[in-house]
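Visitor: Please take me closely through one part of this model, one residue first and then the chain beside it.

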Amino acid sequence: MSVSKDKIKIEGLTGDAAIAHALRQADLDVLSAYPITPQTIIVEDYQKFAADGEVNAAVIPVESEHSAMSACVGASAVGARVATASASAGLALMWEILYCAASMRMPIVFTVANRALSAPINIHNDHSDGMGMRDSGFIQLYCQSSQEAYDTTLMAFKLAEHHDVLLPVMVGIDGFIVSHNVERVEMLPDDAAKKFVGVRTPVQPLDPKNPITMGPLALTDYYFEFKEQQDRAMQQVIKVYKEVEAEFEKLTGRKYGIFETYKTNDADIIFLAMSSMGGTAKVVADVLREKGEKVGVIRLKMFRPFPTKELAKAIGNAKAVAVFEKAMSFGAATNPLALEVKTALYGTKSRPIIANFVVGLGGRDVPPMTFVEGFEKTKEYLKKGEAPLYETLGVRK
Amino acid sequence: MATDNKPAVSIKDMIKKDRILNSGHRMCAGCAAPVVIKLMGMALRGPTIVCNNTGCLEVATTIYPYTAWNLPWIHVAFENAAAVASGVIEATKVMHKKGRFDYEHIDVVALGGDGASFDIGFGAISGAMERGHDMVYMCYDNGAYQNTGIQRSGATFPGQETTTSWAGSVIPGKLERKKPLAEIIAAHKIPYVATAEPSNYRDFITKFRKALEVEGPAFVHAFSPCPRGWRSATGESIALSKLAVETGLHPLYEVINGEEWIMSSASKNLKELKPVDEYFKTQGQFKHLFKPEWEDFRKRIQEQVNHDWELLKKKCGVD
C-alpha cells in the first residue's frame with residue numbers, strides 16, 4: 001500500500017539529519033556512538049529526539065568508536081535493534097570489531113559520512129574509510145542524496161535483520177557533500193515507516209532461559225566453517241535487497257537498485273562512480289551526448305556484496321568503462337572499485353577497456369571538467385586499445 | 001536460575017548452588033581462575049549474562065563446539081567486555097519496556113584478565129564506569145599476559161620476571177610498580193569497588209554479591225594465581241593467594257562511592273605484614289631477586305609495599 005501524498009512530510013534536510021530521522025522512525029532499541037565530523041549531526045539530532053522523548057531507545061555515549069561498535073554488538077546479541085554512526089579515523093578505530101560484528105552475525109546498521117583517513121588529518125570526503133572496511137563482512141550501500149540516505153537507512157534494517165542475511169550494513173553518504181548539504185527530503189509518516197521496518201526477531205539471542213555461548217574460540221577445525229556460512233549469507237544479500245526495495249517502492253514509489261544506470265543502453269563509454277559523483281557524472285553525460293558522444297553512467301550503490309554478474313550485464317557491449325573512485329589502494333594493481341569492475345568483466349566476451357581515475361581524495365572537488373578529462377583520456381585509450389592500470393586526476397603532479 | 005535471597009557463603013549452601021562453569025574446561029592444572037569464577041557463581045542472585053574479554057578464561061572455556069558455561073555468555077574481543085556489557089544491559093532494559101525481553105532486571109558481569117583490564121581495555125572500563133551502567137566488572141589478575149605466554153602487564157609486580165621483562169645480568173625483571181587499578185576505578189566515584197581473592201572465599205562471595213546489589217557500576221579486583229606463569233607448585237595456588245594478602249601485595253578492602261574505604265578483616269586482622277620475600281620464595285618468577293646483586297632492589301620493593309600498606313591503612317582508618 002502506498003502512502004497518500006498528504007501524509008508525506010517534506011523537509012529540507014542534510015544527509016545527516018535525514019539519517020537521524022530514519023533512525024528515529026526505525027524504533028531503535030540502542031544507539032551507541034562517538035562523535036566524529038562529518039557524522040556528528042546524526043547522533044546530535046538523535047540525542048535531541050531522545051531528550052524530547054521522541055524515541056524509545058537507550059543512547060550510549062561511549063568513550064570511543066571501538067566501544068561504540070562493541071556496545072552495538074552486545075546490544076544486538078540480546079536481540080536489540082541497534083545502530084551507530086562514524087567516519088574516517090573513528091571507523092578505523094572500530095575496525096577490529098567490524099569483523100566481529102559481521103562474523104557474529106549482528107544486524108547492526110552503521111551509518112557513515114565517508115571521510116578521508118589520516119594522515120594528514122582531513123575532515124573531507126573520500127571513500128578510503130569505506131574501502132578500508134570492505135573485507136570486514138559488512139554490506140555496503142553508498143547513497144547519492146539525502147533522500148536516498150533516509151530511504152536506505154530504513155531499508156537497511158530490514159535487510160540486515162532478514163534471517164537469510166543477518167549481517168551488518170554500512171550506509172554511506174559523502175562527508176559534507178551530502179552529510180551537510182540541505183536537500184528536499186520526503187519522509188514517511190512515523191507509523192508507516194515503523195510498520196515497514198517492523199520489529200526485529202532475533203534468531204539466537206543471549207537469554208538466561210536458554211543460555212548459549214556466543215563468540216567462542218574456533219580453531220583449525222571450525223573457524224573456516226564460520227567463514228563459509230558468512231560467505232553464504234553474503235550471497236543472499238542481493239536477492240533480499242531486491243525484495244526489501246520492492247516493498248519500499250510500493251510504499252513510496254522510490255527505488256534505486258543495487259546500482260543505477262543512466263543512458264547506458266547504447267553507450268560506448270560508461271562512467272562508473274559511487275555516491276555523489278554519480279550526479280556529476282550524469283550531468284556530464286548529458287552534455288557529451290548533446291555533442292554526439294554516446295556516454296552513459298552507472299552509479300554503483302551496493303559495493304558489498306559486489307554485484308558482479310548484474311554489473312557485467314549492465315555494461316553489456318560498451319567499449320570502455322571509465323571508473324572514477326575516491327580511494328587508493330597503495331601498491332595494488334589498481335584501486336578498489338576498478339579491481340572489482342575488472343574482475344566482473346574479465347569473463348565477458350566483449351571485455352571493454354577499463355580506465356581507472358582516482359579523484360577527489362581528501363575532499364578535493366570533482367567538478368564536471370574532471371569527468372570530461374577522464375572522458376577524453378578514455379577515448380584516447382580506446383584508440384590505442386589499452387589503458388594504464390590507473391591514474392590520478394585533479395592533483396598537482 | 002531462580003532469584004536467590006542471599007549468596008551461598010556456607011559450604012552447605014555452596015554445594016547446593018548451580019554451577020556456572022562446568023568441569024571439562026581446559027584451564028591449566030592449578031589455575032585459580034576457574035575457582036574465582038565458581039566463587040562468583042556462589043554470589044549470583046538471578047538471571048545473569050556474562051561478557052568476557054579475550055584471555056585464558058575465554059579461550060580455555062569455550063573451545064568450539066564445546067562450552068563450559070551454563071550462563072548466557074558472550075566474547076567479542078580483548079579490550080571491550082565493559083563496552084559489550086554496556087550494550088547488553090541497556091538493551092535488556094529498553095527491550096523489557098517494549099515487551100521483548102522477559103526480565104525487568106538482569107545482572108550483567110564483565111570479566112577480564114589483568115592484561116585486558118589494567119592495559120588494553122582500561123579505557124573501555126573507565127568509560128563504562130563513568131557512564132554508570134549497572135554492571136559488575138571483575139578483573140581476575142594473574143599478574144601477566146599468561147594466555148599469550150607470560151608477558152608483562154600493568155599488573156605485573158616489580159621484580160617479576162616475564163617474557164617481556166626478563167631477569168638478566170643488568171635488569172632484575174619488571175622495574176615499574178603495579179598500577180593501582182582498584183584505586184583508579186574507585187576514583188571514578190562508583191558505588192562499589194572491592195579487592196578479593198579465592199582463599200578468603202566467604203569474603204569473596206560476600207563482596208561479589210554486594211557488587212551485584214549496588215545500583216550502578218561495581219568493580220571487583222580478584223587475585224588469581226597462575227602456576228604456569230609464576231613457576232609455582234600447582235597445588236599451592238590458593239595458599240599463594242592467601243600469602244599475597246598476608247604480605248600486603250594484594251590487600252583486601254572495599255571502597256564505597258569512592259569515599260568510604262573499608263579494610264576487610266583478612267587484611268585488617270594482620271598484626272604485621274609478612275615479608276614479601278616469603279611470597280617471592282614460592283615462585284620461579286622471583287628467583288633471581290635473591291641473587292646478591294638484587295638485594296637492594298628487593299629491599300626497595302619491600303619498602304614500597306610497606307609504604308602503600310600504611311597509606312591504605314590510613315585511608316581505611318586502621319591504626
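Guide: Two residues are in contact when their C-beta atoms, placed from the backbone, lie within 7 Å. This is a predicted model: local features need pLDDT of at least 70, side-chain atom pairs count only at pLDDT 80 or more, and totals for chains, interfaces and linings use all residues. Residues are numbered from 1 along each chain as its sequence is written, while chains are lettered from A and ligands numbered from 1 in the order in which they are written.

Start with Asp107(B). It sits in strand S3 (residues 107–113) of chain B; strands (E, at least two residues) and helices (H or I, at least four) are DSSP runs, numbered from the N terminus. Asp107(B) is buried, because 22 other C-beta atoms lie within 10 Å. The cut-off for buried is 20 or more. Beyond its neighbours within four places in sequence, Asp107(B) is in contact with Leu44(B), Arg45(B), Gly46(B), Pro47(B), Thr48(B) and Leu212(B). Ser117(B) is 10 residues from Asp107(B) in sequence, and their C-alpha atoms are 20 Å apart.

Now the chain beside it. Chain A has 13 helices and 16 strands. Its C-alpha atoms fill a box of roughly 70 × 60 × 45 Å along the principal axes. Of its 397 residues, 56% are buried. Take the contacts in chain A between residues at least 6 apart in sequence: 80% of them join residues at least 24 apart.

Chain A divides into domain 1 (5–252) and domain 2 (260–392), with bounds from an automatic or database domain assignment. Their C-alpha centres lie 28 Å apart.

Between the chains, S9(A) runs parallel to strand S2 (residues 73–75) of chain B, joined by two bridges. DSSP must find at least two bridges for strands to pair. In S2(B), Trp73(B) is the bridge partner of Thr213(A).

Notes:
A residue is buried if 20 or more other C-beta atoms lie within 10 Å of its own, exposed if 12 or fewer, and partly exposed in between; C-beta atoms are placed from the backbone.
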